[in-house]
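Here are my notes from going through the model. Please read them with the viewer open.

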Amino acid sequence: MARTSQFCTFYLDKLLFGVELKGVREVIRSLDMTKVPLAPAVVCGLINLRGQIVTAVDLRRRLELEPRPAGMLARNVVVRSEDGAVSLLVDEIGDVVEVEESSFEPPPETLRGSVRTMILGVHKLNDRLLHVLDIEKACQMTEVAETVAPGR
Amino acid sequence: MSDTDSDIVKDFLVESYENLDRLDRDLVGLEKNPTDRDALAGVFRTIHTIKGTCGFLGFNKLEKVAHVGENLLTRLRDGQLTLNPELTTALLGMVDAVRQMLGSIDVSGGEGERDDTKLIATLTRLQQSSEAPELPSSIGDILMQRAGVTQAEILLAVEKQKEGDPRRMGEILVEQGVVRPADVVDALRIQQSSRTAAAASDSTIRVDVALLDRVMNLVGELVLARNQVLQFASRTKDTAFLAASQRLNLITTELREGVMKTRMQPIGNIWGQFPRTVRDVALGCGKEVAIEMEGKETELDKTIIEAIKDPLTHLVRNSVDHGIELPAERVKAGKDRIGRLILRAFHEGGQVNIEISDDGAGLNVELIRKKAVERALITTEQAARLTEREIFNLIFVPGFSTAEKVTNVSGRGVGMDVVKTNVEKIGGTVDVHSTLGRGTTVRVKIPLTLAIIPALVVTCGGDRYAIPQVSLLELVRLKAAEVAKGIELVHGAPVYRLRGRLLPLVYLTQELKLAADARPESDGAVYIVVLRADERQFGLVVDEINDTEEIVVKPLRKQLKTVKTFAGSSIMGDGKVALILDVLGLAQRAGVVTETRNRALTEKATESPTTVGEKQTFLLFAGPGDCRMAVPLSTLARLEEFPVAQVEMSGSQWVTQYRGQILPLIRLDVVLQEQEREKDRRNKLRLMEVPPLPDSGPIQVLVLNHDGRSFGLVVERILDIVEDCADVKSAATRASVLYSVVIGDRVTELLDIPAILRSADLKAAHPARAKKSTEAAN
């Protein structure tokens, strides 16, 4: 039997993404969020996940996709990163899929920019492509927060 | 090596490190007081234990070094040798060698390739003869060794005991005249010390710090859950639920205190190394320094202890290196040749104060002033205006302390700015006082713990923010009608006149780039939170002021570490997250405090004329019979208004529940009245007839802190806060009044707070102390 792996999938701007199931802590509906002024734009805010304060990252912004339409509630995919739990905000949750490793292909050379570092590759499903996300890279803030105004 | 073996080795290492730290301390202590038998016995035991264990574990080199050390110590313990600097140096050398080998065992599992033959030779030479008897434990053995009692005499006494003599060995021997009572007392003390040492190790256990941290985190969660439950409880009328939630509240508070305690360590743990540091530095620069410590048992949270270790070490080194003069100079100046370095630690107002004082040359104000001008840190005019204290604090300015020449002449070392930065990082402050020729004192104030802090919660742009109480000075509310007049502009920069001084205003909405319109049902009033950052005051304008709360600090994740305006986050009672403002970061962002702190100094220089005139700030209020009275604002903690219904009786004391404590209330009218009466009939019984409180309406209370305890002073009416020189004085006309002064052109009586406390006879008024003693009893 071919080696398989399981992915938790979700949608972002109609694209299908997946993170390895073992890196996912839980999937929850939208929660009350506290804005963090002056933070990098991809940080949506902080949520209280049963007493643990978790940073929420807007994956649409992180992956340089169109902003989420107003009124669309985001879902939280809470993943384990090196720096503790991080919540990834996505449009909609998909199924858990099991894929064979043979269906995997690295991203094409034509995919450029910072997005390329976050997308490990794609699994060719029957009807569509599953983008495999690198959790660590997606949670890393490459963008520097607005620098503090130097003193007069 | 098997797992069990490596566990044993690990335990051995942990224990030995601890013991070695104590050795450093004990040895240096012994040098000063070479006859301290307890300390000698302690040193001996430590080395003996290390030797025994490493023999068992097969660390032969280590054993050899420890063995010669032990032999030398035996002779010291038996009084055949007296400790001198040479011996101390050799023994400290041995401690270092042992430490190095332990380090190598820790890293690689082996003892390393040290060559200790020289050290061993030195130790052997110093000791000459060898072979140690075991530490005696029976009183007879001790007496035989120390008081010259013969074995025959002991046996005789034992025989007597067997025959039914109920007296103890010492008594029998004294009676027979073979030994002096003082020797017996001495011997008993030695015996006692070896026993207590054994008992102490039975009643304590070692706990992994990571486990303690986890427990602390869980308690933090519990505190949050408790807050949530209390919030629910406040909305319900179910008495059973209310009672249960009250109980939960109480237990949580106690549990939190208990767990916090487990993380507390006496400051003596880090001070322990200072005698050694002082000795080494002093030897290195040819000085003689005696170190004294007060308040070693003062406890601090473990994380804070770790954070202040380096700054304190730096300050201690500095005092010896630059503060204390060479022996010859000291003698010339008429001082004792041996310099004194005093470390003092004590609790005060929820903070820990640590003082490092030396009786050295002190700071030279003129030299610092001159150098600061030369370095262009301040202008000549500023220099002339700065007070002495402000001049001293210049040594913390980065550009100042790194200048190599300045430090030599001014008498302070490099890196004071780093000390200041590190202390401020944990929410502390540093201050320096000095008298030329007499010495210097550096005072460090730090919070007790970092995990849970009191904070003021404010709302801005629809979100809540917590402001740590340590940087909070006061709150000002400007009514809508006053806003236009109260807030003025200095070329576009908003300021507010706070008691005659301009307070720069910072709008939180603007600094955080929040949407400005998110303010519900605004009544047009402006709330100003007066904060202090780095000795500078500024007013933070917020939408709403909520309440003070104890919050559990959670650090921000890496993704947000770059945002300097926030110190952390916390979960509020309703389960939502709130950010904790970093007051210093915010001030820097707003330009109130600049990186180099120059601006702060300039501002202070312009402010200083007002302080030079010795103006004091007073709170004016109407006392009984509408007389004008005042207290210095510095004694005041808070102004409160309580409904009469909240006042309760506890014994014969009026009290009210206030911030989770019982606040004793003193009624000024009663105190003054009783004193009048007492004048008339001093020898008769004091009657307890007191005028009743008004039936309804709020009472005005000044919450005062005196001598570490709080109490509320009930007054008629609060009038104003004024600043005045108050230099026209006349003697008081009644007790409880210090003197009459002219404040704001009117005669005002200045209250004598200690006298009021005495006459009110506050027996039940030690909430803080009473609590402490019960904790101690547990």
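The points below go from the chain contact to the cores and a few local details.

1. Ground rules. This is a predicted model, so local features need pLDDT of at least 70 and side-chain atom pairs count only at pLDDT 80 or more, while totals for chains, interfaces and linings use all residues. Residues are numbered from 1 along each chain as its sequence is written, with chains lettered from A and ligands numbered from 1 in the order in which they are written.

2. The A–B contact. Chain B puts in 28 residues and chain A 23 residues; two residues are in contact if their C-beta atoms, placed from the backbone, lie within 7 Å. On the chain B side, two or more residues each come from α10 (209–233), β17 (566–571), β18 (577–581) and α24 (583–590). Helices here are DSSP runs of H or I with at least four residues, strands are runs of E with at least two, and both are numbered from the N terminus. β18(B) has the largest share of that side, with 3 residues.

3. The main core. The largest nonpolar core has 81 residues, and those with the most contacts inside it are A:V57, A:L88, B:A466, B:I467, B:L540 and B:L581. A core is a set of buried Ala, Val, Leu, Ile, Met, Phe, Trp, Tyr and Cys residues joined through C-beta atoms within 7 Å. Buried means 20 or more other C-beta atoms within 10 Å of the residue's own, with C-beta atoms placed from the backbone. Strand β8 (residues 452–460) of chain B gives this core its largest share, 6 residues.

4. Around B:A466. Beyond its neighbours within four places in sequence, B:A466 is in contact with B:A455, B:V457, B:I551, B:S570, B:A578, B:I580 and B:L581.

5. Strands in chain A. β1 (residues 4–12) runs antiparallel to β8 (residues 92–100), joined by 7 bridges; A:Q6 stands opposite A:E98 in β8(A). β1(A) also runs antiparallel to β2 (residues 15–20) of chain A, with 6 bridges, and A:C8 has A:V19 as its bridge partner there. Strands pair if DSSP finds at least two bridges between them. The β1(A)–β2(A) hairpin has 2 residues between the strands, and A:D13 takes a positive phi near 50°.

6. Helix α27(B). Which residues of α27 (residues 753–760) of chain B are buried? They are B:I753, B:I756, B:L757 and B:A760. These lie on the same side of α27(B) because they cover an arc of only 100° around the axis, taken from the directions from the helix axis to the C-beta atoms.

Definitions and conventions. Buried ≥ 20, exposed ≤ 12 C-beta atoms within 10 Å, placed from the backbone.
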